[in-house]
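Biologist: Hello! Could you walk me through this model, and tell me what stands behind each term you use?

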Amino acid sequence: MGEEICCETPLRLPIIDFSNKDLKQGTPEWDSVKVLVRKALEEFGCFEALVDEDIELREAVFGALEEVFDLPLETKMLNVSEKPYHGYLGVHPERSPLYESIGIDEPNITQNVEGLSNILWPQGNTAFSKSIQSLSEQVLGIERMVRRMILESLSLEKYMDEHMESNYYLLRLMKYKGPETTEAKLGLYGHTDKNTMTILYQNDVDGLEVRTKDGEWIHLKPSPASFIVMIGDILYAWLNGHVHSPFHRVMLKGNKTRYSAGLFSIPKAGYTIKAPEELVDEQHPLLFKPFTHDQFLGFLYTEAGQTAKCALSDYCGV
Ligand SMILES: O=C(O)CCC(=O)C(=O)O
Ligand SMILES: [Fe+2]
């Protein structure tokens, strides 16, 4: 009997090269990357952005994550915020027994990162602040580039400044304890992101899965030099469905700890999300009535919001 030749190639996310230092608006390189970005975001709502590997920063970041999550629970609980989901979220025995996370509002502002490190460590922690800030700067650069590319590729230049200025950033540091099983366990329940755009960075423990429009799960295996770029419900609504907001989850097995960091761009309080008229026509009827992110979050905390299959459609679908 001949050797069995294996089966279908597993589904992969598009990998787009962002390592070119000359990737500047108006250059041919920018225009060719822009085409790939638009295609990936229309089809998958998600892609892998490849950058130049910075081994030192990578080690520093995941060292910092290990150190911060190793702090006692009472210390981590000092990471508080008046905004929901912006502070420490501890392990929940039924809902998320493996997951905990720490939030840093506007991590691009030095005082915010140093402020948190002064709360968590008696003498602060310069190494922690430095690595978290360097990571934030790099990720923020990618987020802004991708958002500019999408707007440009949809000929929405006239909205560029308004759109770029109407969002702020939240960084979430995440830890998933290995479940010590051979079969996969749920680390983070399936969801679409409720913000504008998310950029994820992970250690060498995979687990993120993204569902395609056809309902197939892609098991992500990002390279150490990659960031995962993902569209959230807000950009999906603002662009009237021209980009996809993918359903995703985290599944884990084995005993290794997974660490990840996510930079979330989020509309500022009071900013109205309204699809530009250029994106609404007979083939693309308006999907959502204008809304603000705060009102939408308010709905998410209600019973109806918590149980909705598609919270955004239930909240403001046309
Ligand atoms: O840890 C990850 O890679 C994904 C986290 C995630 O989906 C989220 O925080 O919304
Ligand atoms: Fe997510």
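Modeller: Gladly. Two strands pair if DSSP finds at least two bridges between them, and strands (E, at least two residues) and helices (H or I, at least four) are DSSP runs numbered from the N terminus. This is a predicted model, where local features need pLDDT of at least 70, side-chain atom pairs count only at pLDDT 80 or more, and totals for chains, interfaces and linings use all residues. Residues are numbered from 1 along each chain as its sequence is written, chains are lettered from A and ligands numbered from 1 in written order, and side-chain values use heavy atoms, without hydrogens and water.

Biologist: What order do the strands of the open sheet have?

Modeller: The 7 strands run β1-β2-β9-β6-β11-β4-β3, with mixed pairing. β1 (15-17) and β3 (99-105) each have a single partner strand, so they stand at the edges.

Biologist: How do you know that β6 and β9 pair?

Modeller: DSSP must find at least two bridges, and 4 bridges join β6 (residues 197-202) to the antiparallel β9 (residues 226-231). Within this pair, M197 stands opposite I231.

Biologist: What makes the H191 side chain a polar contact of ligand 1?

Modeller: A polar contact is a pair of N or O atoms within 3.5 Å; within protein, one must be able to donate a hydrogen and the other to accept it, and residues adjacent in sequence count only if both atoms are side-chain atoms. An N or O atom of the H191 side chain is 3.0 Å from an oxygen atom of ligand 1, so the pair meets the cut-off. For R258, the distance from a polar side-chain atom to a ligand oxygen atom is 2.9 Å.
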